[in-house]
Amino acid sequence: MKLKANITRDALEPVQLFNTPENWVELNKWIMAHTDYQERMHIMTAAYMAWNLACAIVNDEASNDDT
């Protein structure tokens, strides 16, 4: 999948409204603290979709550096 956006690693900035976990363990503990199973699954889906998007952005930039 190729991203068409002009996004570089330097342009990525965290959203200050939300906490940034130290690692995946902390993030997963926060997700699992939600008692409703369906809510947890929605949160986990969104977290891993965001991870995949970040990977795609970084990997697309890395592949563009090779050209």
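This is a predicted model: local features need pLDDT of at least 70, side-chain atom pairs count only at pLDDT 80 or more; totals for chains, interfaces and linings use all residues.
A pocket here is an open set of points on a 1 Å grid where a 1.4 Å probe fits, with protein on both sides within 12 Å along at least five of seven lines.

**Whole chain.** Colour by secondary structure: the chain has two helices and zero strands. Then colour by relative accessible area; buried residues make up 12% of the 67 residues. If you draw contacts between residues at least 6 apart in sequence, 47% of them join residues at least 24 apart.

**Largest pocket.** Display the largest pocket, which has a volume of about 1000 Å³. Select Phe18, Asn19, Thr20, Pro21 and Ala50 next: of the 21 lining residues, these are the closest to the pocket centre. Now show the helices around the pocket. Helix H1 (24–32) and H2 each supply at least two residues of the lining, and the largest share, eight residues, comes from H2. Colouring the lining by class gives 16 nonpolar, three polar and two charged residues.

**Arg40.** Stay on helix H2, which spans residues 37–65, and select Arg40 within it. Is Arg40 buried or exposed? Arg40 counts as buried because its relative accessible area is 14%, under the 20% limit.

Look next for a charged partner. Arg40 has no salt bridge; the nearest side chain of opposite charge belongs to Asp36, 7.6 Å away, whereas a salt bridge has to lie within 4 Å.

Which residues does Arg40 touch, leaving aside its neighbours within four places in sequence? Select Ile31, Met32, His34 and Thr35 to see these contacts.

How values were computed
Residues are numbered from 1 along each chain as its sequence is written. Side-chain values use heavy atoms; hydrogens and water are left out. Helices (H or I, at least four residues) and strands (E, at least two) are DSSP runs, numbered from the N terminus. Buried means under 20% relative accessible area, exposed over 50%, partly exposed in between (1.4 Å probe, protein chains only). Lys and Arg count as positive and Asp and Glu as negative; His and the chain ends are not counted. Contact means heavy atoms within 4.5 Å. On a 1 Å grid over the protein atoms alone, a cavity is a set of points where a 1.4 Å probe fits but cannot get out, and a pocket is an open set with protein on both sides within 12 Å along at least five of seven lines; lining residues have an atom within 4 Å of a point. Grid points are joined across faces, edges and corners, and a volume is the space filled by probe spheres set on the points. Ala, Val, Leu, Ile, Met, Phe, Trp, Tyr, Cys and Pro count as nonpolar, Asp, Glu, Lys and Arg as charged, and the others, Gly among them, as polar.
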